[in-house]
Amino acid sequence: VEQFGFKLPFQWYAGGVVSFAMDQYERINGMSNIYFGWGKEDDDLHRRIVSSGYKIDRQEPLAGSDCVGRYASLEHGPRDYSSTKRNNELLSTSRQRQRIDGLNSIKRLSICGH
């Protein structure tokens with residue numbers, strides 16, 4: 001991620017650009033729908049990945065290259081940390097909520113071509 005100089009800020013980081021096969025995303029039940037404000041949704045995603053038995057595969061750069069792919073971060077306004085306490089509390093219950101909060105709890109989902 002650009003804001004971290006294209007280095008991992010910590011080993012369990014699962015933010016930035018992430019891709020899944022459809023069956024993997026369904027198995028982890030997608031992402032939580034209850035985080036608002038700044039932070040912890042990517043940590044929740046990491047917990048979903050690990051608790052579903054997956055490992056994050058971080059590709060090594062190709063020989064002669066210094067990167068796999070780099071993406072510019074979207075502009076963020078000033079960070080609003082007012083939700084930090086609530087999001088930390090939500091993260092503490094992420095494993096218990098994984099089966100009831102995610103793809104299966106959204107009201108409407110339209111996937112082009114399906």
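Visitor: Which backbone nitrogen lies 2.9 Å from a polar atom of the D101 side chain?
Guide: In this predicted model, D101 is found in the segment after α4 (94-97). Its side chain also has a polar contact of 2.7 Å with the side chain of R97. The backbone nitrogen at 2.9 Å from a polar atom of the D101 side chain belongs to N33.

Visitor: Is D101 buried or exposed?
Guide: Setting aside residues up to four places away in sequence, D101 touches N29, M31, S32, N33, I34 and R48. Its relative accessibility is 6%. Since buried means under 20%, D101 counts as buried.

Visitor: Which residues make up the largest nonpolar core?
Guide: Happy to go there next! In soluble globular proteins, nonpolar side chains tend to be buried together. Here the largest such core has 5 residues, namely A14, I28, L45, I49 and Y54.

Visitor: Which residue lies over the face of Y54?
Guide: Beyond its neighbours within four places in sequence, Y54 is in contact with D23, Q24, R27, I28 and I49. One of these contacts sits 4.9 Å from the ring centre, over the face of Y54. That residue is R27.

Visitor: How many aromatic pairs does a search of the whole structure find, and is the F20 and Y25 pair stacked, edge-to-face or tilted?
Guide: The search of the whole structure finds 1 aromatic pair. F20 and Y25 form it, at 5.3 Å centre to centre with 50° between the planes. F20 is partly exposed at 28% relative accessible area, and Y25 is partly exposed at 24%. So the count is 1, and because an angle under 30 degrees would be stacked and over 60 edge-to-face, the pair is tilted.

How values were computed: Residues numbered from 1 in each chain as written. Predicted model: local features only at pLDDT ≥ 70, side-chain atom pairs only at ≥ 80, totals over all residues. Heavy atoms only, no water. Helix = DSSP H or I, 4+ residues; strand = E, 2+ residues; numbered from the N terminus. Buried < 20%, exposed > 50% of the residue type's maximum accessible area, 1.4 Å probe, protein only. Polar contact = N/O pair within 3.5 Å; in protein donor to acceptor, adjacent residues only side chain to side chain. Contact = heavy atoms within 4.5 Å. Core = buried A, V, L, I, M, F, W, Y, C linked by side-chain atoms within 4.5 Å. Phe/Tyr/Trp six-rings, centres within 6.5 Å; stacked < 30°, edge-to-face > 60°. Lys NZ or Arg CZ within 6 Å of the ring centre and 35° of its normal.
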